[in-house]
Amino acid sequence: MADPVLLIVSGSLRREATNRKLLAEAARVFGAADVTEADLNLPLYDGDAEAEAGIPAAVQALADQISAADAVAISTPEYNKAPSGVLKNALDWVSRTEGNPWADKPVAVMSAAAGRAGGEQAQALLRGFLVPFQPRLITGPQVHLAGSGQAFDEAGRLANDRYETALVGLMQKLRAEALG
């Protein structure tokens with residue numbers, strides 16, 4: 001059997017974002033997989049632009065990546081007690097594509113943030129944002145990476161065993177759903 005396709009989605013566009021680092025760790029502990037990273041550098045959703053020009057190619061590419069994935073891991077930062085606008089914009093755009101690429105797709109959600117709650121509120125809101133799409137949300141263990149700027153060692157690995165254990169548990173459940 002071929003390796004499962006794991007799509008990783010960072011709610012931050014920064015190259016060195018801690019959410020990207022967390023997703024790299026998630027992909028590592030997920031095990032053998034064909035890992036693809038989503039590009040959320042999309043135009044802002046605008047109904048007039050959609051009516052005039054249709055779905056942008058970058059949005060359709062994202063929807064196709066979601067459709068092709070066996071599993072999706074999303075990591076969100078917390079901006080003002082909510083997921084990033086970049087991530088919400090991507091969800092809104094993908095909802096405008098044909099079909100529903102999220103339907104019945106195994107999805108794990110996690111967060112990395114500078115604050116002491118690790119993006120817990122943003123993660124809870126993101127779960128709510130996903131409900132209309134009817135994915136198979138993995139409910140835990142929850143990974144809320146607090147103080148994320150200091151959470152990784154020089155090699156980019158999680159420096160805290162508690163976070164590593166939670167991430168391993170979450171990715172094992174996601175893998176089982178993807179292969180089930």
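Glu 37 and Arg 20 pair through their side chains in a salt bridge, with N and O 2.4 Å apart; the term means a side-chain nitrogen of Lys or Arg within 4 Å of a carboxyl oxygen of Asp or Glu. Because Glu 37 sits in strand β2 (residues 34–37) and Arg 20 in helix α1 (residues 18–30), the pair ties together parts that are 17 residues apart in sequence. Helices (H or I, at least four residues) and strands (E, at least two) are DSSP runs, numbered from the N terminus.

This is a predicted model, in which local features need pLDDT of at least 70 and side-chain atom pairs count only at pLDDT 80 or more, while totals for chains, interfaces and linings use all residues. Residues are numbered from 1 along each chain as its sequence is written, and side-chain values use heavy atoms, leaving out hydrogens and water.

Across the whole structure, the search finds 8 salt bridges. Here are three of them, including the pair above:

| Pair | N to O distance |
|---|---|
| Glu 37 and Arg 20 | 2.4 Å |
| Glu 25 and Arg 28 | 2.9 Å |
| Asp 92 and Lys 88 | 2.6 Å |

Within helix α1, Glu 25 and Arg 28 are 3 residues apart, about one turn of the helix. Glu 25 is buried at 4% relative accessibility, whereas Arg 28 is partly exposed at 35% (buried is under 20% relative accessible area, exposed over 50%, partly exposed in between, with a 1.4 Å probe and protein chains only). Both residues also belong to a network of salt bridges with Arg 157 and Glu 164.

In helix α4 (residues 85–94), Asp 92 and Lys 88 are 4 residues apart, again about one helical turn. Asp 92 is partly exposed at 29%, and Lys 88 is partly exposed at 31%.
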